[in-house]
Amino acid sequence: MKRDRLEQLRSFWDEFRQVRFGLVGLVLLGVFIVIVAFEGKLLTYGDVNTRWRDMLYWTNSPRYAMPVWVNWFTGKDYASSAVIEPHNVVEGTEGLRSVHMEFPYEYKAGRPPRDLLLDLALTGQVALQMTIERPDGRTLSYSKQTSSSGSQQLRISIDQNLRERVYQTVASGEDPAIAASRNPKQINAVGALFAKAQPGVFSNPEVLNGTYTLTLNVTLVGPSASVDRAQVVIAGGVSGILGTDGNKRDLWSGIIAGTKWALIIGLLTSLISVAVGVVYGVTAGYFGGWIDSLMNRIYEIFVSIPLLPIMIVLSAVFKPSIWIMITMMCVFFWVGPVKTVRSIALQLKENSYIEAAHGLGATHRRILFKHMIPQLVPYAFASMALAVPGAIAYEATISLIGLGDATVVTWGQILFDAFSSGAVLQGIWWWIVPPGLAIALMGMTFAFIGFAMDTILNPKLRTR
Amino acid sequence: MEKERVLEVQDLELHYFTRKGVVQAVDKLSFFLRKGETLGVVGESGCGKTTMATALLNMPTPPGRIVGGRILLDGQDILTLSENEVRRRVRWETIAMVFQGAMNCLTPVYTIEKQMRETLQQHRAMDKKAARGRMKSYLNLVGLSDDVLRRYPHELSGGMKQRVVIATALFLEPKVIICDEPTTALDVVVQAQIINLLKDLKEQVGLSFIFITHDLSIEAEVSDRILVMYAGRIAELGTNAQIYGPQGPAHPYTQRLLGATPRLHEEVEELAFIPGTPPDLVAPPEGCRFHPRCPVLMERCAHDDVPLREIEPDHLVACWRCFDE
Amino acid sequence: MSEPILVAENLTKWFPVKRSLTQVARGERTWVRAVDGVSFSVEKGEIFGLVGESGCGKTTTGKLIMKLLDITDGKLMLQGEDVTHIRGAALSEHRRHVQMIFQDPYASMNPRFTIEDVLMEPLEIHNVGKDMAERNVWVREILEEVKLSPPEEFLARHPHMLSGGQRQRAATARTLMLNPSVIVADEPVSMIDLSTRAEILAMMKQLQREMGLTYIYITHDLSTARYFTDRLAVMYLGKIIEMGEAGTLIDGALHPYTKALIAAVCEPISGKVNRIKEVPIKGEIPAATNIPTGCRFHPRCLYSVPECWQEEEPTLDDIGSGHMVACRRHREIQELGDSARTSEASLGIRRTA
């Protein structure tokens, strides 16, 4: 068996190529690896890895926004989320310092956005004067003064803060009786703002497309006052390639970022635990007698220890880290294949060729590693393939309880956030399907590769 | 007076449709079985004898399919019957089989009674008592005591298990019993027991047997007529005396097989053997299928398909060399 | 006269049977007495046959010779040395002298190995040969010896790609790799087609001549044993009950069991179809845990008399020219024939109705 290794690899590849679903598996694996390699370029929110749980990072996204491509299928499309930078910035220097900015918004969608926000970072004392001019000429005005002297963040939202103003802006277009009966604080402000000022504006708004311009005049009081950042954020009905979740997080970035962890958790855990489990099971089955009994007792101890309480204890001692989790999973998951492998070994042991090997003088080690374990490679691959999604799901469960590593994003976590927020009941399909599909695809990838390898490694399955 | 024919096979063809191609396992087989006789079918692995047996019950093993021919049982072609009809009236009722290794297929978790009764009740509406009565009488017929019913298979010896299987094949009183290697896994003393049993049954009950084996010695002691199969076809079909008598068989294959059989009471200098292996039945050789291995090959054997012809009463051979004489 | 190459003296193998708690409490122990005191010697270059039905202990004896099983009692000598209890390096050395051909040619080779792997394995285990080149040469040479030619065609194949006969040749090749002196062949041709059997046996005979091998040939088939072996030992329930030169033993069998076996064997002769086979034996084989007292064959023997079970078990009696038989009445039976019978054969049909 000391053939040229390269020759072996080449002939192996030749055979692998011929098995179609093996190639499909490899292609999928390739896709995953490419995703991990080009993660930086693919992410739309670059800091997703570190700031998944930082709610402030996501504040400018809409909640529960659908993927952008949904618009291709709907008649009335949803407004896309957008962030509008200041245009026409003019700083006035005569007398009091002031800054004038304009934020034009082209509204073309068939449905109104979820919200419109003015997002400001200011320093010092300022006086704001904001005006929104609609295409039909109606305007909404709002002013505010800040009093503190340090830096502060200010978010003015139509939906949260300006409902009464919207009411005032469009109420005249409505039937007076109805208008009078509506409570300004309870209207669908955003819908009304972006609708024609006509009867039904509060109950059944018809969109008013066109350019909406938000004009902002800031008077800076005091020498240190300044406007550090000003943005108008349109929280649309759709946002991002895969939409957003209940916490406004962009799911595309989440999924992309989660790929590498899925690969790491899945591969490492399944590889190590199955390898250990197979060797363990074969050894127990092969030797039998007291060795088998002893190994069985050890196995039973491990099986009866629940992993969860251990994880809880560990998390009290150490800061939860994904690596500790992987280590713990390996330490407890190796028991998985053991029983089956042991039975297979018990049967294999009875084969004539094992006896023949003894007769030739083979050592136990040789018989184990050259005769028995190779027979288990197909089962091992199948086990690994099945263990991958299991490991990912286990990690997600851990994360759910709060024992997860908060510094990383994983598919399992996304999925569990979805279930625990009731995404199923609310029909938030874009929160459930992508991570679920991703887990399934990764499982499928390894299953295909595993089956293909089995076809090659098991000569009896060869068709030629 | 020639006895009536209880089974007649005409031009039977069975092919296995595999991914590698169509295996012509049984190719235009024709023979008959008379009432009260034992027809021995002898051949080596891959010759098609077991395949032919499954065809006689119209249950070819998938991916096999019967693609031609007729199987006449009591004058009726069972290949034209529906599966239901075959199950109800033919299989086990008229023709039963003792499968190869059947004694090892007895379920270890049920008693003999339960297993036998299952088969019985598939075919006859019988209550437990009546069933038990019939099973007991057939167990006795094969030389087993009543309490075998209460036992589990692992409590019985190989010979006893085989007799249980034979009793199961008998208890619907079929006319023909096919035995596929019934003594192969048994010790020689037990084998003699079973052989004696079959001979006795033949005489007492008037059964007709088809006895399939690869062992020419057993055939000599069991079969009235012998059918030698090679590569899905009949090589030779003759009476016991014609095959095993002093003049010896006619077909070179049979001759070699006989020459390869060791003798207990003779000092044999050298046993014959046939170099090579049986042909691939996906692409069988042209002409006579045995010609690549034949020691007395003639020119036309490699080209012309050889028919099965009678060279003396009751003796048929498929060999060009034999026709010349 | 040169020393025999293999000597078995009272070779015994008893297997413990799992006990129930009550049995443990009572201190009882049951044993499967698979091989129960077997003695024989084999000359160099001889083909020695061990014949008997299943459960007689012939395969177990073969495994004891191979040291695949530990010997419970007795002695085993190979080439003059006591190898009964050797271990470790000495055992490894022993393996180079004694090799085995198994019954099932497919099961005896790892289906995932190529023929090359199969043949290289013994060389790797025992570190034979200076380098790969030498080993390659040796492998190809042996393949030629067993007529698997050209070797290149067979080296890359897996066992299931070979025919039964070819596989058994490959298995034989494997045994030859270490240049053994004794080969134990356990039913080597019983799973091979009739038309190929003689070829394999002829190959084995030729190898014997060329390489000076000694065979221990284990089989249940008396006819093949007569053809192939020089000397035969018939075993029953773990003991040799008759031994001698193959032809002489079969033509002039003395032990009632041997006679029964011979009577039971079928022969390819016409004229026997309508005759019931008369086999002079009764009853069934007892379990090896419950060996009958005195002569272990007595419950099935048609010639047994009270001494047979009351007295001690008869030992092998040498009656000249190497023919030995373990039966106290063999001379009487020889003289009186059937009238020495004390009971009826019961191989016929026993019917209660």
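Which residue takes a positive phi in the hairpin of β11(B) and β12(B)? I found that D314(B) does, with phi near 70 degrees, in a hairpin that has two residues between the strands.

Some housekeeping before I go on: this is a predicted model, where local features need pLDDT of at least 70, side-chain atom pairs count only at pLDDT 80 or more, and totals for chains, interfaces and linings use all residues. Residues are numbered from 1 along each chain as its sequence is written, with chains lettered from A and ligands numbered from 1 in the order in which they are written.

**Entry 1: the hairpin in chain B**

I followed the two strands themselves. β11(B) covers residues 309-312 and β12(B) covers 315-317; they pair in the antiparallel sense over three bridges. Helices (H or I, at least four residues) and strands (E, at least two) are DSSP runs, numbered from the N terminus, and two strands pair if DSSP finds at least two bridges between them. Opposite E312(B) I found H315(B), in β12(B).

**Entry 2: a sheet in chain B**

Next I traced an open sheet of four strands in chain B, with the order β2-β1-β4-β5 and antiparallel pairing. Its edge strands, each pairing on one side only, are β2 (21-34) and β5 (76-77) of chain B. Helix α1 of chain B, residues 49-56, packs on this sheet and touches β1, β2 and β4 (64-73) of chain B. The direction of α1 makes about 65 degrees with that of β2(B); axes are lines fitted to C-alpha atoms, for helices over the stretch in contact, and angles run from 0 to 180 degrees between N-to-C directions. I also looked at β1(B), residues 5-18, which is joined to the antiparallel β2(B) by nine bridges. V9(B) has F31(B) in β2(B) as its bridge partner.

**Entry 3: the core**

Which residues have the most contacts inside the largest nonpolar core? I noted V166(A), I178(B) and I216(C), in a core of 309 residues. Such a core is a set of buried Ala, Val, Leu, Ile, Met, Phe, Trp, Tyr and Cys residues joined through C-beta atoms within 7 Å. Helix α15 of chain A (364-400) gives the most to this core, 15 residues. Beyond its neighbours within four places in sequence, V166(A) is in contact (C-beta atoms, placed from the backbone, within 7 Å) with L140(A), I158(A), I187(A), A189(A), A192(A) and L193(A).

**Entry 4: I324(A)**

I then checked I324(A), which lies in helix α12 of chain A, residues 322-333. Not counting residues up to four places away in sequence, I324(A) touches L314(A) and F318(A). D405(A) is 81 residues from I324(A) in sequence, but their C-alpha atoms are 9.4 Å apart.

**Entry 5: chain C**

Chain C is divided into domain 1 (6-236) and domain 2 (268-340), with bounds from an automatic or database domain assignment. The centres of these two domains of chain C, taken over C-alpha atoms, are 30 Å apart. Ten residues of domain 1 of chain C are in contact with seven of domain 2 of chain C. β2(C) gives five residues to the domain 1 side, the largest share.

Conventions:
Buried ≥ 20, exposed ≤ 12 C-beta atoms within 10 Å, placed from the backbone. Contact = placed C-beta atoms within 7 Å.
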